Amino acid sequence: PMTQEGQPLLGLIVGSSLLHSPYLSKFETKHIPTEFGEVILHFAPQFVFCQRHHADPTTDYTPPHLINKRAILTAMKNVNVTRIIAFASVGTLKPKDIPVGTLVLPDDFFNPWDSISFFTDPNSK
């Protein structure tokens, strides 16, 4: 699918906060097969929406460490998504400095270790 203007689609990957949103019920839901597994995607005219904890059609909820990231990214690519915005929330190790509810936008990523990622680890999902 492409937008009405023929432009590539924007992909949104989010958690569970919009699970019961009435806005989501207006989207067309499709199961997209990939070589890594099937993924549930929700289609709007200008973007594709994925709830990463609810993207696996075989289960009601997937905990963070078992999310099939390869399948989600492949499904997005297969439906012509070219840009992705992902929203995530986690706890804080500094609750006095960064209280719950604070929006934090990192502008860089530093990894001093040559760690395995889900792109290179054959055992990751």
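Leaving aside its neighbours within four places in sequence, which residues is arginine 52 in contact with? They are Ile13, Val14, Gly15, Ile67, Ile72, Phe87, Ala88 and Ser89, where contact means heavy atoms within 4.5 Å. The surroundings of this residue are taken up again below, after an outline of the protein.

The structure is a predicted model, in which local features need pLDDT of at least 70 and side-chain atom pairs count only at pLDDT 80 or more, while totals for chains, interfaces and linings use all residues. Residues are numbered from 1 along each chain as its sequence is written, and side-chain values use heavy atoms, with hydrogens and water left out.

**Overall layout**

The protein has five strands and one helix, arranged along the sequence as β-β-β-β-α-β. Helices (H or I, at least four residues) and strands (E, at least two) are DSSP runs, numbered from the N terminus. Of the 125 residues, 29% are buried; buried means under 20% relative accessible area, exposed means over 50%, and partly exposed lies in between (1.4 Å probe, protein chains only). Among contacts with a separation of 6 or more, 63% are between residues 24 or more positions apart. The accessible surface is about 9,200 Å², and carbon and sulfur atoms account for 59% of that area. Such areas come from the Shrake-Rupley method with a 1.4 Å probe, and for residues only the protein chains shown count as cover.

**Strands and helix**

Two strands pair if DSSP finds at least two bridges between them. Strand β1 pairs with two others: five bridges join β1 to β5 (residues 81-86) in parallel, and β1 also runs parallel to β4 over five bridges. In the second, valine 14 faces glutamine 51 in β4. Five of the six residues of β1 are buried, and the strand is thus described as mostly covered.

Strands β2 and β3 (residues 39-43) are antiparallel, with five bridges between them. Threonine 29 stands opposite histidine 42 in β3. The two strands form a hairpin with six residues between them, and glycine 37 in the turn has a positive phi of about 130 degrees.

Helix α1 has Arg70, Ala71, Ile72, Thr74, Ala75 and Met76 as its buried residues. These buried residues pack against β1, β2, β3, β4 and β5. Asparagine 80 follows the helix and has a positive phi, near 75 degrees.

**Aromatic rings**

The structure holds two aromatic pairs. Rings of Phe, Tyr and Trp (its six-membered ring) pair if their centres lie within 6.5 Å; planes under 30 degrees apart count as stacked, over 60 as edge-to-face and the rest as tilted.

| Pair | Centre to centre | Angle between planes | Class |
|---|---|---|---|
| Phenylalanine 27 and phenylalanine 47 | 5.5 Å | 85 degrees | edge-to-face |
| Phenylalanine 27 and phenylalanine 49 | 5.9 Å | 65 degrees | edge-to-face |

Phenylalanine 27 lies in the loop between β1 and β2 and phenylalanine 49 in strand β4, so their pair ties together parts 22 residues apart in sequence. Ring pairs link Phe27, Phe47 and Phe49 into a cluster. Phenylalanine 27 counts as buried because its relative accessibility is 11%, and phenylalanine 49 counts as buried because its value is 5%. Phenylalanine 47 is buried as well.

Another ring has a charge over it: lysine 30 lies over the face of phenylalanine 43, at 4.8 Å from the ring centre. This requires NZ of Lys or CZ of Arg within 6 Å of the ring centre and within 35 degrees of the ring normal.

**The loop between β4 and α1**

Arginine 52 lies in the loop between β4 and α1. Its relative accessibility is 17%, so arginine 52 counts as buried. A polar atom of the arginine 52 side chain lies 2.8 Å from the backbone oxygen of phenylalanine 87. A polar contact is a pair of N or O atoms within 3.5 Å; within protein, one must be able to donate a hydrogen and the other to accept it, and residues adjacent in sequence count only if both atoms are side-chain atoms. The C-alpha atoms of arginine 52 and asparagine 68 are separated by 8.2 Å, and these residues are 16 apart along the chain.

Histidine 54 lies in that loop too, between β4 and α1 (69-78). At 12% relative accessibility, histidine 54 counts as buried. The histidine 54 side chain reaches the backbone oxygen of aspartate 60 at 2.7 Å.
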